[in-house]
Amino acid sequence: MVQDENGADEQMLNGAEDKLAERRDEVKFIKNDHQNGDAKIDIGPVNGGKPAFTGMSKEELMKYANDPFWVRLRWIFFVGFWAIWVGMLVGAVLIIIGAPKCAAPQPLAWYKRGPHAKFAQIEAAKPQDVETAKKIHATGAIYELPAELTYNVKKPEVEEQIKRLVAQYVGSDTKVILDVTPNYVPKDSQLVQDAIADPEKRSALVWVSGKTTAPTKWLKVGGNRSAWEKLDDSYLLSQFEEGHYDLKMNSTIIRNEFGGVLRHLVGLGVQGIRLKNTKFFVLSDKLEEEEPSPVPKDFNLGEGDYGFYDHKQTTFQSGLGDVLYDYLSIVKNASDEAFLSVAEDVIQPQVYQLSDVPGVNGIDLPMYGDFVKVLSKSKPEKSLKSNLENTLFQAGNDSWLQWNFADVFVDTPQDPSALAMFLSLLPGVPVVPVDAVEYTNVTEETYRQIEMLRKSASYMHGELTLFNADPLVAFSRIKSGNPGYFVIFNPTEVPQSSNFTGPADLPDKMTISYFSEHYNSHEDSVKVAHSAKVNLKELKVAPHSTIILTYVPVKAE
């Protein structure tokens with residue numbers, strides 16, 4: 001009996017302990033305001049009366065380990081996880097494969113790659129010219145079409161002459177370019193004869209009727225005779241040769257006529273056309289007298305001399321850029337590989353821009369500035385960097401200029417190969433007359449090196465930065481992800497240190513890529529070698545020479 005009671009008591013005690021373990025109460029002593037020491041005891045569960053969560057035990061979980069529902073659910077989650085993971089992996093691969101590729105930089109148009117070899121008139125063309133052009137790795141060969149033939153290109157004998165010239169260059173990497181004079185025609189031309197017969201067609205010329213004296217005192221270009229010629233009871237403007245009459249280049253008749261000439265030339269295989277006399281294009285009906293020039297070239301000139309006047313009435317007339325762009329559109333519509341440009345310095349580049357789109361030229365490849373002349377002088381009169389900077393700015397920083405190597409002085413003390421290298425890596429295309437010093441005194445190897453450099457991404461699409469270290473002039477060409485070129489020219493007769501000021505991304509050490517032909521022939525200069533490393537701060541550039549260095553820009557920290 002005692003044992004049973006003790007067993008029962010022990011069982012009851014164990015049960016109570018279990019319940020106490022399950023119930024976790026909190027004891028709080030609350031002090032009253034009374035001073036007799038009484039206290040209130042508050043007993044309650046922890047966590048605001050919420051019982052603690054203990055979860056299921058292992059034994060309870062194992063009851064469901066082999067339950068079909070939970071087995072199936074586990075497999076669903078397992079298979080689902082890996083299916084999603086594999087799907088994400090496949091999707092990532094497909095995105096990478098299907099993502100648009102970064103387009104490779106487009107090569108320059110053939111007429112921008114250059115250089116262009118400049119020959120004489122089309123009548124003097126001969127088969128040997130192809131090899132002559134190859135010496136400078138020319139992409140274009142320029143010939144001049146006589147002014148009398150401009151509007152006769154559809155005549156069989158003229159057409160045959162042009163076809164023969166184009167056929168001469170078939171199979172080579174050189175395309176034919178023609179210099180064309182479109183702004184005047186001889187008296188016996190069909191345009192003049194049509195105007196004589198039909199007054200409605202006289203809008204094609206500057207034709208003034210009902211006058212007993214010349215409409216103005218305008219003079220022939222460069223001369224001292226009147227620019228007006230009398231024809232029956234009328235006066236016709238004749239600024240150039242005797243018996244040749246100026247055309248109104250914006251008249252509907254001339255637009256149709258000259259547009260047909262351009263289309264026909266492109267159809268015959270001519271891929272480039274350079275216009276002559278563009279600054280003299282007559283576009284206005286106004287006939288106002290010229291004013292004396294405020295800065296005459298010769299103070300001995302008088303009212304009977306062409307150089308006495310400023311010629312604001314007869315040159316660079318308003319709307320020139322728009323008219324030229326109209327003709328450019330005709331050429332581009334005939335062939336998107338063809339180009340239309342000028343054969344002479346534009347002098348006032350702003351006039352050649354579109355009136356509605358400032359900064360955009362109405363032509364391809366403008367020719368502007370005297371930088372080539374200044375560079376080839378024995379002692380440049382002003383900072384070469386400033387002159388180059390101004391030339392590029394005035395022409396429009398996005399312009400691709402023609403660098404006319406005919407402007408190099410015949411007696412220049414500069415190494416012709418040094419001039420060729422320096423100018424050929426500026427934005428633009430070299431135009432090399434085959435009888436100029438830049439052709440005769442520069443080797444084929446130099447032009448081969450120039451061709452390779454001009455095909456590089458840093459040249460074709462790179463940024464141009466000018467550097468100052470008077471009397472040296474230098475610039476860099478670099479495109480992100482490609483090695484840059486640093487080109488230095490020394491116009492003086494002594495070695496010059498290369499202490500350049502400019503952007504801070506130039507490394508101290510660079511690699512010699514190329515240098516002008518006579519670089520190492522100067523006794524007082526340090527000899528250099530291809531692929532050698534040089535310290536830019538210690539480099540002394542040889543007299544009358546160009547050196548081309550390659551480098552990787554310093555990353556800004």
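With which side chain does the side chain of Thr446 make a polar contact? The partner is the side chain of Glu517, at 2.6 Å; a polar contact is a pair of N or O atoms within 3.5 Å, where within protein one must be able to donate a hydrogen and the other to accept it, and residues adjacent in sequence count only if both atoms are side-chain atoms.

This is a predicted model, in which local features need pLDDT of at least 70 and side-chain atom pairs count only at pLDDT 80 or more, while totals for chains, interfaces and linings use all residues. Residues are numbered from 1 along each chain as its sequence is written, and side-chain values use heavy atoms, with hydrogens and water left out.

Thr446 sits in helix α14, residues 444-454 (helices are DSSP runs of H or I with at least four residues, strands are runs of E with at least two, and both are numbered from the N terminus). With a relative accessible area of 3%, Thr446 is buried (buried means under 20%, exposed over 50%, partly exposed in between, with a 1.4 Å probe and protein chains only). Not counting residues up to four places away in sequence, Thr446 touches Ser417, Met421 and Glu517, contact meaning heavy atoms within 4.5 Å.

The largest nonpolar core has 109 residues. Such a core is a set of buried Ala, Val, Leu, Ile, Met, Phe, Trp, Tyr and Cys residues joined through side-chain atoms within 4.5 Å. Phe258 and Trp403 have the most contacts inside the largest core, and helix α9 (residues 320-334) gives the most to this core, with 7 residues. Leaving aside neighbours within four places in sequence, Phe258 is in contact with residues including Tyr151, Leu275 and Tyr327. Apart from this core lies another, of 22 residues, among them Phe467 and Tyr551.

Helix α3 covers residues 68-98 and reaches 44 Å from its first C-alpha to its last, close to the 45 Å expected; the expected span is 1.5 Å times one less than the number of residues.

The peptide bond from Gly114 to Pro115 is cis, with omega near -5 degrees, and Pro115 is in the loop between α4 and β3. Asp470 and Pro471 are also joined by a cis peptide bond, with omega about 5 degrees. Asn277, a residue other than glycine, has a positive phi near 65 degrees, and at 12% relative accessibility Asn277 counts as buried.
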